[in-house]
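Have a look and see whether you read it the way I do.

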Amino acid sequence: MPDNLQPSIARGISDLKETVYALPFPLREQVVGFARSIGELTPTLAIEADVAVTPEIAHQFVFLAGVKKLHDLVHSSFWTLDNSVSLLANSEVTSVRMGGRDFSKSSEAYQLFRSLLTALDRELAKFEIRDLLNSSQIELLQAISRNGS
Amino acid sequence: MGLNLNEVKRGIKRLITAHKNAFDAIGSSQTTLLELASIAGIAEHYKAQGYFVRACNPKGKPYFAMKASTRGDPWNFSHFKAKKEDEIVEIHMNLKVRSAHDKGIYCVDVGITKGGVIPTAKSNTSWECLSNDDLISFGEAKKLVIYPMLLAQFIGIVHEIKPLSLATTPALFGPPSPHLPPTLIAIGHFSGNARVIVSSYPLRNIHINIAESYDSRLAQVRLAKRISPFLEP
């Protein structure tokens, strides 16, 4: 790891931790843990992306990698539920419960997930990064580099 | 992309606070969602293989009752029944099965069994677990990336439960089996050199299935881009 990148990567992780501190522990750990692993991979990814990574690019990249993980977790959770319940409906299953929790399309859980997904997409679109978060890590790094040059 | 990270930070913090209940629900249900997705996908697989598949709910429960842990008896939870010609297959969640080698009992996330071998009601004789001979196959769900040691651990599980899958010469003649081999279902992608390991399995006569990026696979089934999350489109 180049010496000039380590402090910026650490700053990106710190900013991310401050941003997501209110998430429940399992999600917070997944988001920050993923960003840490991306931080370690940054020099390798820079070579693959053919990008000269400056400290500021590294800072933004690690932070946004964490935001991307958060985005992926929310999307994956909603669409896994939606796809599962929809496919089960093909076998005439219209209501799904685990203990006292209802996961049907009419359930509070389903509506909560859908509202969150809509709100997150809207928030990220405000900053013009929603579409970028659907790209690969390489493409994200290239986009940040283009923006900074 | 004129990015102001401070504004992004503020916006996401506000969102997390405003949607605390939703994030709490996601945090506490990720494993459950994956297990639900696993049984839904396996049901779809058997439909794709020409089976008629229907859900069987326990008496008095008009909904699909998920079994999300080792606790409880299978007759108190829902399962799928898949029928093709004279063959009946059942698909159960969190099913206790006997080891292939000893008296040990394991709980598989999804058990694919012969038809009629699991009691549908409590009886005077206690039911401890499914006999290993009555287990056709099984699935294990992990909300992890697929890394080499996870693959080694899964091979160990298969060794204990369905060891013949680790020494199977592919049939030269006749149609392939409609049944899923022991399957690892994971939300994550391959990491490290895990893909290289998996690509060697056929040469080693290891007949298991590794279903990585499972959420994407299920989405493709929903969008009719593939007929089963476990068969290549």
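1. B:D24 and B:K20 join their side chains in a salt bridge, 2.7 Å from N to O (a side-chain nitrogen of Lys or Arg within 4 Å of a carboxyl oxygen of Asp or Glu). B:D24 is partly exposed at 28% relative accessibility, and B:K20 is partly exposed at 46% (buried is under 20% relative accessible area, exposed over 50%, partly exposed in between, with a 1.4 Å probe and protein chains only).

2. Bear in mind that this is a predicted model: local features need pLDDT of at least 70, side-chain atom pairs count only at pLDDT 80 or more, and totals for chains, interfaces and linings use all residues. Residues are numbered from 1 along each chain as its sequence is written, chains are lettered from A and ligands numbered from 1 in the order written, and side-chain values use heavy atoms, leaving out hydrogens and water.

3. In chain A, A:K68 and A:D72 form a salt bridge at 3.7 Å, N to O. Both belong to helix α3 of chain A, 4 residues apart. A:K68 is buried at 9%, while A:D72 is partly exposed at 32%.

4. B:R98 pairs with B:E128 in a salt bridge, closest N and O atoms 3.0 Å apart. This one links distant parts of the chain, 30 residues apart: B:R98 is in strand β4 (residues 87-98) of chain B, and B:E128 is in the loop between β5 (105-114) and β6 (135-142).

5. Over all chains, the count comes to 16 salt bridges.

How values were computed
Helix = DSSP H or I, 4+ residues; strand = E, 2+ residues; numbered from the N terminus.
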